[in-house]
Amino acid sequence: MIILETSRLFRGLPEAESQMLRDSVRIQKFPAGQVIFTEGDIGDGLYVVRTGSVQISAIVNEDERRTLSGISVGDFFGEMAVVDKEPRSATATAVTEAEVYFVPREVVERLLQRSPNLAVNLMREFSLRLREFNRHYIREVLESERLSLVGRFARSIVHDFKNPLNIIGIA
């Protein structure tokens, strides 16, 4: 179990802001498999995992859902919709039984106005997540290119075997 103020996001808050956070946070429990929020929902707050684990996923085409990240104890999620005031960009689901701290949007906004340290922590986490996303994206693009190359090579071999004159020429 993690204490909210020791999470990477809220670490280093001054006492007054820590007290405001403690006074306004709610603890919520989700059984394994339960959806915490769905892509398209209003971003009414952010979450910090107290116990358990959470999976963030998104629909990438009509019939495929892809896991974007796994969130574990001390990590936070749901911050994008709070910061940019857009609908949720992904779905969060409890992988195991999870207990989370829920911090309402208004509290996050007030804390960001009052605490430069919180803003820096949030920017740092955004940066780390973007770097990880970039690494993951590059790996997927390279794997896709490799598979495409193998497919083109296989098609050319099959084409050559289907053409008897090429086989005779090879012999």
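## Strand 2 and its sheet

Strand 2 (residues 35-37) is joined to strand 7 (residues 91-94) by 2 bridges, and the two run antiparallel. Strands here are DSSP runs of E with at least two residues, helices are runs of H or I with at least four, and both are numbered from the N terminus. Two strands pair if DSSP finds at least two bridges between them. Across from Phe 37 stands Ala 92 in strand 7. The model is predicted: local features need pLDDT of at least 70, side-chain atom pairs count only at pLDDT 80 or more, and totals for chains, interfaces and linings use all residues. Residues are numbered from 1 along each chain as its sequence is written, and side-chain values use heavy atoms, with hydrogens and water left out.

The open sheet has 4 strands in the order 2-7-4-5, with antiparallel pairing. Strand 2 and strand 5 (64-71) each have a single partner strand, so one side of each lacks a neighbour in the sheet. Neighbouring strands are turned by 35 degrees against each other on average, direction ignored. The axes behind this angle are lines fitted to C-alpha atoms, for helices over the stretch in contact; angles run from 0 to 180 degrees between N-to-C directions.

## Strand 3 and its partners

Strand 3 (residues 45-51) is mostly covered, with 6 of its 7 residues buried. Buried means under 20% relative accessible area, exposed means over 50%, and partly exposed lies in between (1.4 Å probe, protein chains only).

Strand 3 pairs with strand 8 in the antiparallel sense over 6 bridges. Strand 3 is also joined to strand 6 by 2 bridges, again antiparallel. Val 48 has a bridge partner in each: Tyr 101 in strand 8 and Phe 76 in strand 6.

## Aromatic pairs

The structure holds 4 aromatic pairs. Rings of Phe, Tyr and Trp (its six-membered ring) pair if their centres lie within 6.5 Å; planes under 30 degrees apart count as stacked, over 60 as edge-to-face and the rest as tilted. Phe 37 and Phe 77 have ring centres 5.9 Å apart and planes at 35 degrees, so this pair is tilted. Phe 37 is in strand 2 and Phe 77 in strand 6 (residues 76-77), so the pair ties together parts 40 residues apart in sequence. Both Phe 37 and Phe 77 are buried.

Tyr 47 and Phe 102 form another tilted pair, at 5.1 Å centre to centre and 55 degrees between the planes. Tyr 47 is in strand 3 and Phe 102 in strand 8 (residues 98-104), so this pair ties together parts 55 residues apart in sequence. Tyr 47 is buried at 5% relative accessible area, and Phe 102 is buried at 3%. Ring pairs link Phe 37, Tyr 47, Phe 77 and Phe 102 into a cluster.

## Charges over rings

A charge sits over a ring if NZ of Lys or CZ of Arg is within 6 Å of the ring centre and within 35 degrees of the ring normal. Arg 88 lies over the face of Phe 37, 4.0 Å from the ring centre. Arg 129 lies over the face of Phe 76, at 4.3 Å.

## Largest pocket

The largest pocket holds about 960 Å³ of space. Its lining counts 31 residues; Ile 56, Leu 68, Ser 69, Arg 129 and Phe 133 lie nearest its centre. A pocket is an open set of points on a 1 Å grid over the protein atoms alone, where a 1.4 Å probe fits, with protein on both sides within 12 Å along at least five of seven lines; lining residues have an atom within 4 Å of a point. The volume is the space filled by probe spheres set on the points, which are joined across faces, edges and corners.

Strand 4 (54-61), strand 5, helix 2 (79-84) and helix 4 (116-162) each give two or more residues to the lining. Helix 4 gives the most, with 10 residues.
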